Amino acid sequence: MKKNQHPYDRFFESLVPALVSKVEEFEILGYGKADADRLWSYLTKKKWKKPEVDVKFFQLVSDVLTVKPGEYMSFETIEAYRSPNWFAEVNEDELNELLRPNKNGK
């Protein structure tokens with residue numbers, strides 16, 4: 001098994017309809033643009049941290065369909081804080097130049 005693979009990855013394709021349904025529910029409830037792949041990431045990293053050996057497919061469907069928006073959004077917020085700061089090596093002058101370029105073409 002590859003390093004980043006989860007034991008339940010074999011069920012991903014079969015769970016796509018449930019994932020899409022949950023993502024659409026989040027959007028209807030006003031939680032912005034959710035994504036089935038990100039929801040899968042939440043499930044594999046948080047909800048299914050300790051996978052069961054003999055898990056049943058219906059249990060996984062139930063897990064997907066019972067994800068609460070707040071749980072998912074908290075996960076996304078934490079993941080965003082963990083992501084690299086793309087501007088960490090940009091100094092203030094460089095950032096100002098990016099955001100407010102000189103009008104004379106320099």
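Buried here means under 20% relative accessible area, and by that cut-off Tyr42 and Tyr72 are both buried. Keep in mind that this is a predicted model. The protein has 5 helices and 0 strands, which reads along the sequence as α-α-α-α-α.

**Overall numbers**
- Of the protein's 106 residues, 25% count as buried.
- The accessible surface is about 8200 Å², and carbon and sulfur atoms account for 54% of that.
- Take the contacts with a separation of 6 or more: 70% of them come from residues 24 or more positions apart.

**Aromatic pairs**
- The count comes to 9 aromatic pairs.
- One of them is Tyr8 with Trp48, an edge-to-face pair at 5.2 Å centre to centre with 70° between the planes.
- Tyr8 sits in the segment before helix H1 (12-28), while Trp48 is in the loop between helix H2 (36-47) and helix H3 (57-65), so to speak a link between distant parts of the chain, 40 residues apart.
- Both Tyr8 and Trp48 are buried.
- Then there's Tyr42 with Tyr72: the ring centres are 6.2 Å apart and the planes are at 90°, so this pair is edge-to-face too.
- Because Tyr42 belongs to helix H2 and Tyr72 to helix H4 (residues 69-82), the pair ties together parts 30 residues apart in sequence.
- Ring pairs also join Tyr8, Phe11, Phe12, Trp40, Trp48 and Phe57 into a cluster.

- As a bit of background, nonpolar side chains in soluble globular proteins tend to be buried together.
- In this model the largest nonpolar core has 20 residues, and the ones with the most contacts inside it are Leu19, Leu39, Trp40, Leu43 and Trp48.
- H1, H2, H3 and H4 are the elements that give two or more residues to this core.
- H1 gives the most, with 6 residues.
- Leaving aside neighbours within four places in sequence, Leu39 is in contact with Leu19, Lys22, Val23, Phe26, Val67 and Tyr72.

**A buried glutamate**
- Glu79 lies in helix H4.
- Its relative accessibility is 17%, so Glu79 counts as buried under the 20% cut-off.
- Not counting residues up to four places away in sequence, Glu79 touches Arg38 and Lys45.

Terms used. Residues are numbered from 1 along each chain as its sequence is written. This is a predicted model: local features need pLDDT of at least 70, side-chain atom pairs count only at pLDDT 80 or more; totals for chains, interfaces and linings use all residues. Side-chain values use heavy atoms; hydrogens and water are left out. Rings of Phe, Tyr and Trp (its six-membered ring) pair if their centres lie within 6.5 Å; planes under 30 degrees apart count as stacked, over 60 as edge-to-face and the rest as tilted. Helices (H or I, at least four residues) and strands (E, at least two) are DSSP runs, numbered from the N terminus. Buried means under 20% relative accessible area, exposed over 50%, partly exposed in between (1.4 Å probe, protein chains only). Contact means heavy atoms within 4.5 Å. A nonpolar core is a set of buried Ala, Val, Leu, Ile, Met, Phe, Trp, Tyr and Cys residues joined through side-chain atoms within 4.5 Å. Accessible areas come from the Shrake-Rupley method with a 1.4 Å probe; for residues, only the protein chains shown count as cover.
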